[in-house]
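Biologist: Please show me the model. I would like to go through its contacts step by step.

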2 protein chains.
Amino acid sequence: MLKEERFQVILNQLNTDQKVQLAGLSNILQVSEDTVRRDIKELAEQGLLKSVRGGAIPHSPGPHHFKDRIGYGNEKKQIIANKALGFLKDDQVVIFDGGTSPLLIAQSLPKDIRLTVVTNSFPIASILEEHEKVEVLFAGGRLMKKSFVTVGSDTMHFFAKFRADICLMGICSIHPELGVTGPDYEESEVKKAMVDVSKEIIALSTVEKLGTAEGFYVCPTDQLTTIVTDQTGDSDDCKVYRDMGIHVI
Amino acid sequence: MLKEERFQVILNQLNTDQKVQLAGLSNILQVSEDTVRRDIKELAEQGLLKSVRGGAIPHSPGPHHFKDRIGYGNEKKQIIANKALGFLKDDQVVIFDGGTSPLLIAQSLPKDIRLTVVTNSFPIASILEEHEKVEVLFAGGRLMKKSFVTVGSDTMHFFAKFRADICLMGICSIHPELGVTGPDYEESEVKKAMVDVSKEIIALSTVEKLGTAEGFYVCPTDQLTTIVTDQTGDSDDCKVYRDMGIHVI
DNA sequence: AAACAATTTGCAATATATTGCAATATTTGA
DNA sequence: TCAAATATTGCAATATATTGCAAATTGTTT
């Protein structure tokens with residue numbers, strides 16, 4: 001019997017019974033429970049069901065297509081994400097900005113980390129579904145359909161209510177004198193609100209973005225605590241930021 | 001035997017059995033498994049089937065993606081959704097509750113309708129991505145991972161800022177004297193906030209839920225404007241609501 | 001805390017895929 | 001038609017995937 005046949009059987013039974021159990025499937029399919037478990041795991045990765053202890057249940061309807069949107073071409077950002085992971089500890093309150101870099105961090109987060117995450121990004125909230133111990137506080141506001149983040153005064157007021165340990169800010173341009181800037185007015189305004197309530201601000205940026213500026217101001221560069229780049233961070237480009245007291249890694 | 005003949009045989013068997021296996025085809029066609037494998041590979045490149053380890057399966061098999069899954073218990077809710085669609089007109093401000101019924105409505109919405117939607121449901125906001133002319137205002141708050149809606153005082157305050165034309169409320173229990181009730185405290189509290197700011201309240205409910213009650217109070221029954229059911233609505237069960245001045249359809 | 005059930009991990013046995021190659025069949029072009 | 005080029009086929013060696021088992025770990029219940 002083909003693996004894909006088993007998949008069909010599992011999904012069918014799930015549709016009719018609203019649940020499946022390892023023991024039962026093992027009998028029906030005439031394979032070991034281990035194999036059934038692996039099948040379920042694979043189906044869960046495809047978002048076709050939700051794996052639970054002892055079996056599986058139908059996947060809640062929802063925005064699971066966000067997971068597919070993570071491009072695979074971006075090793076640089078994954079490098080950045082891995083470095084940034086080191087800053088996150090249990091019991092912190094962390095603000096996640098929208099954008100690909102914070103998304104990759106969320107994706108790479110250990111499944112059992114205990115955090116309070118405040119964000120305005122649908123994809124990030126969506127990915128954090130599986131992290132049992134992560135409490136997600138989502139900022140309301142007007143939904144930008146292109147980037148799937150909320151913006152507007154409601155969003156900003158929402159952030160104003162918190163005091164976060166860390167703010168993870170996605171790709172912005174960073175310039176020694178011109179400060180941190182972004183390409184979109186509304187989103188830059190929201191970023192302002194984020195940095196205003198965060199003790200530590202970690203900017204995630206590829207080296208190309210260093211020394212550049214865009215149209216909309218977020219905050220002065222020296223408000224940043226750390227800049228995480230995809231390089232080692234000891235190059236000359238970085239020295240100017242280091243001299244400002246910013247950690248560059 | 002010509003290669004094209006083999007192709008036909010393979011596709012035929014695939015059509016009847018929903019699967020083919022290398023060993024079996026090798027026997028039938030009297031060629032080596034290698035050849036069958038190469039045939040399948042070629043057919044797969046033409047998109048006529050999906051090659052899998054040990055054989056092949058039809059290209060887009062059984063109930064897979066989401067839209068197909070409006071299947072088992074949801075025909076009733078789809079009926080409700082279709083009826084409710086009639087209430088929505090261009091330029092209205094509409095509150096969408098969480099739950100499957102409002103989700104189905106959102107899914108069935110004409111792509112070019114012009115609405116302002118206020119909601120606390122991720123799946124609904126997500127589905128409305130494709131509707132260019134629908135502005136989505138998303139209520140912030142604490143994210144419930146089970147149902148993917150936000151709850152809490154932030155969520156309630158968010159709704160309090162609006163005056164909606166219509167509130168589409170998902171499955172609740174409705175009882176003539178005990179009022180509208182829900183199974184979850186937090187979500188019921190949010191529903192309260194929704195109904196408080198809506199001119200018209202449309203409850204979406206299967207007839208089984210009529211005359212029943214659950215643990216958490218939402219609002220008095222006579223605050224409802226309309227009850228949309230999966231039946232014709234002229235049965236005796238409905239009379240009591242009609243007498244209260246509620247439209248039952 | 002003990003007892004039990006489920007999961008994870010590493011491993012070995014087996015099944016299937018891939019690749020390169022040689023033998024045969026088929027097509028092409030003069 | 002014939003010879004050369006091309007495609008197809010089967011085979012063998014090697015690589016990869018799948019499966020079931022067992023030990024170690026984690027989660028749940030009593």
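The questions below go from the protein interface to the DNA.

Modeller: This is a predicted model: local features need pLDDT of at least 70, side-chain atom pairs count only at pLDDT 80 or more, and totals for chains, interfaces and linings use all residues. Residues are numbered from 1 along each chain as its sequence is written, chains are lettered from A and ligands numbered from 1 in the order in which they are written, and side-chain values use heavy atoms, with hydrogens and water left out.

Biologist: How many residues of chain B are in contact with chain A?

Modeller: Contact means heavy atoms within 4.5 Å. Chain A brings 41 residues to this interface. On the side of chain B the number is 42.

Biologist: Which residues of chain A lose the most area to chain B?

Modeller: Buried area is the accessible area (1.4 Å probe) that two parts lose on being put together, summed over both. The two chains bury about 3200 Å², 60% of it on carbon and sulfur atoms. Three residues together give 19% of what the side of chain A buries. They are A:Leu2, A:Asn15 and A:Lys145.

Biologist: How far apart are the closest N and O atoms of B:Lys161 and A:Asp154?

Modeller: A salt bridge needs a side-chain nitrogen of Lys or Arg within 4 Å of a carboxyl oxygen of Asp or Glu. The count between chain A and chain B is five. B:Lys161 and A:Asp154 form a salt bridge, with a distance of 2.4 Å.

Biologist: Which residue stands opposite A:Leu137?

Modeller: Strands here are DSSP runs (E, at least two residues), numbered from the N terminus. Two strands pair if DSSP finds at least two bridges between them. β6(A) pairs with β7 (residues 141-144) of chain B in the antiparallel sense, over two bridges. Opposite A:Leu137 stands B:Arg142.

Biologist: Which residues come nearest to DNA strand D?

Modeller: A residue is near a strand if one of its heavy atoms lies within 4 Å of it. There are 16 residues around DNA strand D. Those that come nearest are A:Arg6, A:Thr35, A:Arg38, B:Arg6 and B:Thr35.

Biologist: How many residues of the surface near DNA strand D are charged?

Modeller: Asp, Glu, Lys and Arg count as charged; Ala, Val, Leu, Ile, Met, Phe, Trp, Tyr, Cys and Pro as nonpolar; the others, Gly among them, as polar. This surface has two nonpolar and four polar residues. The charged ones number 10.

Note on methods: Helices (H or I, at least four residues) and strands (E, at least two) are DSSP runs, numbered from the N terminus.
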